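Open the model in your viewer and keep the sequence panel beside it.

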Amino acid sequence: MIKNCSAAVSLPGGLVLRQARPADLDQIGALLSARGEPDDAVDHRLVVTDPDAGLSACAVVVDGDRVVSTATLLDEEVHIGGIRLPAGQVELVATESEYEGRGLVRALMNWAHERSAASGHLVQAMIGIPYFYRLFGYEYAIDVPQVLKVNSLPPAGGRSTLRAARPSDIGAMAALQAAAQSGFDVTMPHSAACWRWLLDHESSNLLVLDHDGTVIATARTTPPGGETLLAEAEAAARDEAAARDLLSGSAALAPGDPIRIAHRAGTVTGNAWQEFLDHEPRRTAERYYLRIPDVAALLDALRPLFWQRLTAAGIDRTADEELFQALFPPLTADVLSYYLPYQ
Ligand SMILES: CC(C)(COP(=O)(O)OP(=O)(O)OC[C@H]1O[C@@H](n2cnc3c(N)ncnc32)[C@H](O)[C@@H]1OP(=O)(O)O)[C@@H](O)C(=O)NCCC(=O)NCCS
């Protein structure tokens, strides 16, 4: 039976968990900005006013008319071996300081997971406070690309122009990302809605390299200038020449600033930028969280992939260890998330 996730839930102390309403929006924005980043209010409004998400994607805990805690569930898709798994991502989580430690986020995570299950999601992926989300069934599963310093720069490019992305670039950017992700076993692309939010949010610094009207590379940067280190992430390029022009063009946005890049090993940009990077050893193991709410449902959805793996390995079913290795080999993965997992 599908649970009714829109029903209000009474919590101890007279608090109530319910779906967000239009009248809550200002309070939710103020709460998110106060507890997180100033821009979180803008992000939240983009999400809940988008036709693909809407207000029902967000829940609040209220004390009377006061919003004291909130969380939002986004729809995503995780791809593995040609299979598309409906997925959820919890974002924009915050509790008012004086209401912390009362289990409000635990209650909101329950709401999000029930809504996720009712939407047919087979996994949930997220980035968030280290350790915290392990309390709610998440495990560290997918490496975040290592952020490396750029030591030297390729010479400034030829006729290409690096410019802010426009809505009409979404198709080209999505195609470049699909090509970049084609070499990974498990991927999460940006949803169509996420592309819109990235473009609507002016500080997202979504860039494209334009060559005679054709988008040949793309990346996201942290805002350049000031003390901020320019960091470039989610880079994708048509070929290595475009990747080099992307790097030199990005450097020109903040002349003299140190640059770091999120190294997507094995992709066109990852390969083209090798010689310009300081390959320092990884000191922290940052990862995206994954949660598998129902292992049997997930395995069931992956049947065609298991069959493919078994037939490719040509293994006798009695050889247990070999069978396990054939069915569950180590996998590479690449995730695109609305929030970059780097500061
Ligand atoms: C982190 C935050 C969301 C927790 O909200 P909360 O309503 O106090 O959380 P809960 O009371 O539901 O806590 C649930 C569990 O997490 C634990 N917990 C709370 N904050 C934690 C933290 N920062 N790190 C680790 N565990 C934490 C609690 O002890 C509790 O454990 P238990 O259920 O086993 O007793 C809240 O403190 C907050 O808004 N912080 C600032 C904004 C932020 O960091 N948002 C998260 C973005 S990913």
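Select the contact between the domains: 17 residues of domain 1 touch 13 residues of domain 2, a contact being two C-beta atoms, placed from the backbone, within 7 Å. This is a predicted model, in which local features need pLDDT of at least 70, side-chain atom pairs count only at pLDDT 80 or more, and totals for chains, interfaces and linings use all residues. Residues are numbered from 1 along each chain as its sequence is written.

On the domain 1 side, pick helix H2 (40–48) and strand E4 (66–80), the elements that give two or more residues to the side touching domain 2. E4 gives the most, six residues. Helices (H or I, at least four residues) and strands (E, at least two) are DSSP runs, numbered from the N terminus.

Next, colour domain 1 (9–140) and domain 2 (146–278); the bounds come from an automatic or database domain assignment. Their C-alpha centres lie 29 Å apart.

Now select the ligand and the 18 residues around it, of which Thr95, Glu100, Leu104, Val105 and Gly128 come nearest; near means a C-beta atom, placed from the backbone, within 6 Å. Strand E5 (83–95) and helix H3 (104–118) each supply at least two residues of this shell.

Finally, show the largest nonpolar core, with 86 residues: buried Ala, Val, Leu, Ile, Met, Phe, Trp, Tyr and Cys joined through C-beta atoms within 7 Å, buried meaning 20 or more other C-beta atoms within 10 Å.

Terms used. A residue is buried if 20 or more other C-beta atoms lie within 10 Å of its own, exposed if 12 or fewer, and partly exposed in between; C-beta atoms are placed from the backbone.
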